[in-house]
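Reader: I would like to go through this model and ask what each label rests on.

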Amino acid sequence: MAPQRENSPLTQNDLGTAFGALIGSDHVLTDPDSRGRYAHDRLPYANFRAREGALVGTLPDVVVRPGSTEDVVAIVRKAAADDRPLIPYGRGSGVLGGIIPLGHEIMVDLRRMNRILDLDRENNLVTVEAGMNGEDFEAALNEAGYTSGHLPQSLTISTVGGWAACRGGGQESSRFGKIENIVVGLEAVMPDGNILTVRPLPKRASGPSILDLIVGNEGTLAIITRLTMRIWKLPEAETVIVLALPDRGAALSLARRIMQAGLHPRIVRIYDEKETRGRVEGIAAFAARPVMANIVLCGEPGIVAAEADLVRGFAAELDAVETETAPFDDWRAHRYTSITKQWLDKGYYNDTIEVTVNWSRVASLYDTIAARIAAVAPDAHFSAHWSHVYPEGVCQYMTIRLPPMEQDKALPLHAELWEIATGETLRHGGSIAHHHGSGLFRAPWMDAEHGEGMAVLRKIKAALDPQNLFNPGKLGFAPRPGSIDPYRDRAPDADQNG
Ligand SMILES: Cc1cc2nc3c(=O)[nH]c(=O)nc-3n(C[C@H](O)[C@H](O)[C@H](O)COP(=O)(O)OP(=O)(O)OC[C@H]3O[C@@H](n4cnc5c(N)ncnc54)[C@H](O)[C@@H]3O)c2cc1C
C-alpha cells in the first residue's frame with residue numbers, strides 16, 4: 001500500500017546516520033517501504049481503511065533494531081536528547097493499534113533480542129529476551145520438557161515482550177493464569193534511560209507492585225527488555241470432555257462451578273448457539289442441546305482422574321450429554337490460525353471484542369448486546385464464546401461482522417457496534433478489555449473504565465515520562481502536539497460512555 005503521508009526525507013538521512021552510529025547502520029531502516037511495514041498492526045479498523053489506501057496514522061520516521069539492553073538504553077537517551085518519541089515493536093500482532101505511529105516516532109523493533117538466557121529447573125523459571133517469537137519460545141521449552149502455559153492464538157506471530165506489554169491471555173489461562181500471573185521478574189528501560197530490574201521472587205510485601213506497573217504498559221512507560229517467567233513440566237496425563245448442554249445458562253453454570261470448586265482445567269471453552277453450530281455438524285447430541293462446552297484436564301494422572309469425575313458429575317446435574325471429542329480435536333489442530341483474513345478478503349467487516357464481567361451479569365450482558373446490535377444492524381453477525389474463566393467471572397469474547405457494503409456506511413456502523421459492546425460492558429460493571437490491551441482504539445473509553453484510576457495513571461505517566469516520549473497517544477494518554485488524530489473518521493455521535 002502506498003504511504004499516504006510522508007515526513008521530510010532529510011530527517012530520515014539524519015536519523016539513519018545518528019542511530020547507525022549508535023547500533024550499526026545494518027540495524028537502522030530509513031527507506032519508505034521498510035518504514036511502511038511498521039505503519040500498522042492488525043487493528044481491524046486499519047485494515048478496513050487500507051482497502052481505500054488510507055492509513056490510520058503515519059509512517060515512523062525511522063526503524064531501529066537494537067540487539068541488547070545497552071542498545072535500547074543508547075536509543076532512548078538519544079531520543080530523549082533530541083525530544084523524539086519512540087514506540088517499542090514486538091511483531092505487530094496487536095489488534096488495538098498499539099504500534100501505530102501518530103507523528104515522527106522512532107520504531108524500536110525488538111526482534112533481534114530473541115534468546116533464552118536461563119532455564120532454572122530448580123525454581124521452574126525461564127529468563128528470555130523480550131523480542132523472542134512465541135512459537136520459538138514454546139518450542140524450545142517443550143524440547144526441555146516444559147511449557148510456558150501462555151499459548152495465545154497469535155503464538156506464531158507475537159513476541160514474549162508483546163504478551164507482557166499488552167497483559168495478554170493464552171488459551172490455557174484457566175489453569176496457568178494470564179501473563180501477569182506468569183511473569184515474575186523483568187528488566188525494562190525507562191524514559192530517562194535508566195534500567196529497571198524486578199527480581200523474580202514468589203511474593204512480596206514491600207509496597208505497591210512495580211512489576212504490575214510495567215506489565216500492561218503497552219510501551220507507554222517502559223521498554224521491556226527481559227522477562228523471567230514461570231514454567232511448568234509438560235503434563236503427564238490429559239482428559240478431554242466435550243459436552244452438549246441445553247442452553248448457555250447451563251454451560252456458564254458448569255464453568256462457574258468448576259472454577260469455584262477449585263479445579264484447574266487446562267482449557268474451558270463454551271460456545272454460544274451460533275458458534276456451536278459451526279463446529280458440531282453431524283453430531284446428534286447437539287440437536288436437543290445446542291450449546292457446547294469443551295473441558296480439558298491435565299497434570300498428574302490421579303488428579304486428572306479425580307477432576308474428570310467431578311466435571312462429569314457437575315455436568316450430569318445440568319442435563320449435559322458427553323459426546324465425541326472431534327470438535328475439540330479440530331479446534332486444537334487449528335488453534336493458532338485466524339479466520340479474520342478470510343472475511344476481510346471477501347469484503348466483510350469482521351472484528352472481535354473481548355471483555356470481562358462477573359458471573360452474575362454475563363447472561364444479561366450477552367442478551368443486551370445481541371438485542372441492541374440486531375436493532376441497529378439486522379444484517380450484522382454477533383456471536384460469542386467464553387474461554388477464560390475464573391472463580392468470580394469470565395471473559396466474553398465476541399465476534400461482530402458486517403456484510404460487504406460501502407465503506408462510508410460501514411465505518412460509522414462498525415463504530416456503533418463497538419460502542420454498544422463496550423458501553424454495555426461498562427454498564428454491566430465489566431472491564432472493556434480482557435487480554436488484547438487498549439492501544440489506540442480503546443483510548444476513548446479509558447476514563448470510563450478507570451475513573452479516578454485514570455488520573456492516577458496520567459500522573460504516573462507525567463512523572464516517569466515528562467517529555468511524553470514513550471508511545472504517545474496510546475492507552476488514553478495524551479498525544480504529542482501536532483499528532484495525527486486517529487479518530488477523524490469515527491462516527492461523530494459516538495458517545496464514550498455508551
Ligand atoms: C489472529 C490473532 C489472534 C490473537 N490472539 C490473542 C490471544 O489469544 N491472546 C492475546 O492475549 N492476544 C491475542 N492477540 C493480540 C496480540 O497478538 C497480542 O496482543 C500480543 O501480545 C501482541 O504481541 P506483539 O509482540 O505482536 O506486540 P505488538 O503488536 O508489536 O505490540 C503491542 C503493544 O505492545 C507494545 N510492546 C511490544 N513489545 C514491547 C516491549 N518489549 N516493551 C514494551 N512495550 C512493548 C507496543 O508498543 C504496542 O503498544 C491476537 C492477535 C491476532 C492478530
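This is a predicted model: local features need pLDDT of at least 70, side-chain atom pairs count only at pLDDT 80 or more; totals for chains, interfaces and linings use all residues.

Reader: What makes the overall dimensions of the protein agree with a compact globule?

Author: The rule takes 2.2 Å times the number of residues to the power 0.38. For 498 residues this puts a compact globule near 23 Å, and the protein has a radius of gyration of 23 Å, so the value agrees with the rule. Along its principal axes, the C-alpha trace spans about 70 × 60 × 40 Å.

Reader: How many helices and strands does the protein have, and what share of its residues counts as buried?

Author: The protein has 18 helices and 18 strands. Of its 498 residues, 55% count as buried. As for contacts between residues at least 6 apart in sequence, 74% of them join residues at least 24 apart.

Reader: Why is Tyr-397 called buried?

Author: Buried means under 20% relative accessible area. Tyr-397 has 14%, and therefore counts as buried. The residue is part of strand 18, residues 393–402.

Reader: Where does the label "active site" come from, and which residues does Tyr-397 touch?

Author: The label is taken from UniProt, where an unreviewed entry places the feature "active site" at Tyr-397. Leaving out residues up to four places away in sequence, Tyr-397 touches Thr-352, Ile-353, Glu-354, Ser-383, Ala-384, His-385, His-435 and His-436.

Reader: Which residues does UniProt list for the FAD-binding PCMH-type domain?

Author: The unreviewed entry lists residues 56–234 under "domain: FAD-binding PCMH-type". Over residues 56–234 the chain is 25% helix and 25% strand, with the end C-alpha atoms 43 Å apart.

Reader: Why is Asp-83 called partly exposed?

Author: Partly exposed lies between the 20% limit for buried and the 50% limit for exposed. Asp-83 has a relative accessible area of 40%, so it is partly exposed. Asp-83 sits in the loop between helix 4 (69–82) and strand 3 (86–89). Its phi is positive, about 55°, although Asp-83 is not a glycine.

Reader: What is the phi of Asp-319, and why is Asp-319 called partly exposed?

Author: Phi of Asp-319 is near 65°, a positive value in a residue other than glycine. The relative accessible area of Asp-319 is 42%, which falls between 20% and 50%, so the residue is partly exposed. The loop that holds Asp-319 runs between helix 12 and strand 15 (321–323).

Reader: How are two packed helices described, and what are the values for helix 10 and helix 12?

Author: Two packed helices are described by the angle between their axes and the distance between the axes. The axes of helix 10 (residues 248–260) and helix 12 (residues 301–317) come within 10 Å and cross at roughly 145°. The crossing is right-handed.

Reader: Which residues make the contact between helix 10 and helix 12?

Author: From helix 10, Leu-254, Arg-257 and Ile-258 meet Val-311, Phe-314, Ala-315 and Glu-317 of helix 12. By class, this contact has five nonpolar, no polar and two charged residues.

Notes
Residues are numbered from 1 along each chain as its sequence is written. Side-chain values use heavy atoms; hydrogens and water are left out. UniProt positions are given in the numbering used here, feature names are shortened, and annotations may be inferred rather than shown by experiment. Helices (H or I, at least four residues) and strands (E, at least two) are DSSP runs, numbered from the N terminus. Axes are lines fitted to C-alpha atoms, for helices over the stretch in contact, and angles run from 0 to 180 degrees between N-to-C directions. A crossing is left-handed if the near helix is turned anticlockwise from the far one by less than a right angle, and right-handed if clockwise. Contact means heavy atoms within 4.5 Å. Ala, Val, Leu, Ile, Met, Phe, Trp, Tyr, Cys and Pro count as nonpolar, Asp, Glu, Lys and Arg as charged, and the others, Gly among them, as polar. Buried means under 20% relative accessible area, exposed over 50%, partly exposed in between (1.4 Å probe, protein chains only).
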